[in-house]
Amino acid sequence: MDPAVRFTDIVNGPAADRNLDLLCALMATVVDHSADVGSIIVGLDRLAEVWTPSFDGIVDALFASGLLTGDSDDYHDPRNSLLHEVLIRRKGMPITLSVVAMEVGKRLGVPIRGIGLPGHFVIRDNESGSFADPFGRGVRYDEAGMISSWKQRMGADVALGPSMLTPVTTHDILIRMLNNLRHSLIERDQPVLLARMVPLRAAFPELADEREEHRHWMRHFN
């Protein structure tokens, strides 16, 4: 099945079938035709083979060790939004690094949740409630420390509401990843890759108002 069609079918199917690793892999293959879904899944499997099956063990092995790092040199490099590139280059942006941690945790039976802060993305231990920042080498925070760190990062006077510290859904993560990728591709004037994103973004009803923009991207194929 065409990966874009498969992506759309899963996104609009039962929530229980929305496996984040598969959807991120499909997204990568639609945008970058050199990517392979199976290789991405296997890459995640291999990362989960040797780590201690605990939140701290996973965070230390992936991020405190420097195995995976945040790309602070070129944050909006489109490769930081594509899971296969993150696995190959060992660097990414907060949300893709968090996805790796969540998927390694799933394979080890450690529930790790994604927390979509305004302007940042971190992970939370589902058992202890502690937070970790994959982009910041896995530094851990309690709730008060997480709020303080976010304010320092954003320079914001507005309080971080409790709802902003609750786990986000797979649906939310995918849209946020697609938004990041869209921003990066527009910034770098990559019309061909933007056009490849059209079926991915069109899979989400809440992005239906982009149809005119999609037609603009697709003009390169007319």
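**Close-up views of a predicted model**

**View 1. The pairing of strand 3 with strand 4.** Strand 3 and strand 4 are joined by 4 bridges and pair in the antiparallel sense; two strands pair if DSSP finds at least two bridges between them. Helices (H or I, at least four residues) and strands (E, at least two) are DSSP runs, numbered from the N terminus. Residues are numbered from 1 along each chain as its sequence is written, and side-chain values use heavy atoms, with hydrogens and water left out.

View 2. Strand 4 (residues 122–125) and strand 5 (residues 131–133) run antiparallel and are joined by 2 bridges. Arg124 stands opposite Phe131 in strand 5. Between strand 4 and strand 5 lie the 5 residues of a hairpin, where Gly129 in the turn has a positive phi of about 85°.

**View 3. The two faces of strand 4.** In a regular strand the side chains alternate between the two faces of the sheet. Val122 and Arg124 on one side of strand 4, and Ile123 and Asp125 on the other, are all buried (under 20% relative accessible area, with a 1.4 Å probe and protein chains only).

**View 4. The packing of helix 2 on helix 6.** Helix 2 (residues 20–31) and helix 6 (residues 94–107) pack at an angle of about 140°, and their axes are 10 Å apart. Axes are lines fitted to C-alpha atoms, for helices over the stretch in contact, and angles run from 0 to 180 degrees between N-to-C directions. Leu20, Asp21 and Cys24 of helix 2 make the contact with Val99, Met102, Glu103, Lys106 and Arg107 of helix 6, where contact means heavy atoms within 4.5 Å.

**View 5. Helix 9.** The end C-alpha atoms of helix 9 (residues 191–202) are 17 Å apart, which agrees with the 16 Å that its 12 residues should span at 1.5 Å a residue; the expected span is 1.5 Å times one less than the number of residues. Its buried residues are Leu194, Ala195, Met197, Val198, Leu200 and Arg201.

Definitions and conventions. This is a predicted model: local features need pLDDT of at least 70, side-chain atom pairs count only at pLDDT 80 or more; totals for chains, interfaces and linings use all residues. Buried means under 20% relative accessible area, exposed over 50%, partly exposed in between (1.4 Å probe, protein chains only).
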